[in-house]
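Hello,

Here is the structure I promised to pass on. Please open it first, then read my notes below.

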Amino acid sequence: MATIGIVDTTFARFDMGSVALDEINKNASSRTVRITVPGIKDLPVASKKLLEEQGCDIVIALGMPGSAEKDKMCANQASQGLIQAQLMTNRHIIEVFVHEDEAANEKELAHLMENRAREHAINVVKLLYKPKKLIKEAGTGQRQGFEDVGPLGI
C-alpha cells in the first residue's frame, strides 16, 4: 500500500490539508501521513522529512502565499525548495499554492482553494495508481482550481 504525505500551513486561511485528505480517501486506498507547519517556506523540509523519515511515496504540499511582494518572493523560494527536495529524493512533491490575490473576494478564494486542493489530490492518486490516465490527458489544457481551458483548436 502506498503512503501519501500531506503537508499544509497555519498561514493559509483555508484548511486545504483536510480537503486533500478527504479527496485522497475518496479515490484511493492509501496510508496517509499529515503534518502542518507554520508557513510556506517550511514546506520543503517537511515534505522531504515525509519522504525520507515517514516512508511516503509522494507528498502534496499545500500553502497560501499572501498578496504582498515579499510573500510572492517567499513563495518562489518555497517553490525552489520543493523542487530541490524532489531532486534530492527522486520522488514527487506536488506543490499546491493559491495566492491570496488570485480571487476577487473571500468566497471565491475559498472556492479556489478547495477546488485546487481536490484536483491536485486527484493528480497525486493518478501519479501513484493511474499514470496512463495522465498520458491520455496530455495537452488537454487542465487547470486545477479554475475551469479547464481545453486543447488548442488548431
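Is S47 buried or exposed? S47 counts as buried, because its relative accessibility is 0%. (Buried means under 20% relative accessible area, exposed over 50%, partly exposed in between, with a 1.4 Å probe and protein chains only.)

A word on the source. This is a predicted model, where local features need pLDDT of at least 70, side-chain atom pairs count only at pLDDT 80 or more, and totals for chains, interfaces and linings use all residues. Residues are numbered from 1 along each chain as its sequence is written, and side-chain values use heavy atoms, leaving out hydrogens and water.

Now back to the serines. S47 sits in helix α2, residues 43-53. (Helices are DSSP runs of H or I, at least four residues, numbered from the N terminus.) Not counting residues up to four places away in sequence, S47 touches V7, V59, A61, L82 and I93. (Contact means heavy atoms within 4.5 Å.)

S79 belongs to helix α3, residues 69-89. S79 is buried too, at 17% relative accessible area. Leaving aside neighbours within four places in sequence, S79 contacts E95 and F97. The side chains of S79 and E95 make a polar contact at 2.4 Å. (That is a pair of N or O atoms within 3.5 Å; within protein, one must be able to donate a hydrogen and the other to accept it, and residues adjacent in sequence count only if both atoms are side-chain atoms.)

Last, a helix pair. Residues of α1 that meet α4 include M16, V19 and A20. Their partners in α4 include M113, A117 and A121.

Best wishes

Conventions. Helices (H or I, at least four residues) and strands (E, at least two) are DSSP runs, numbered from the N terminus.
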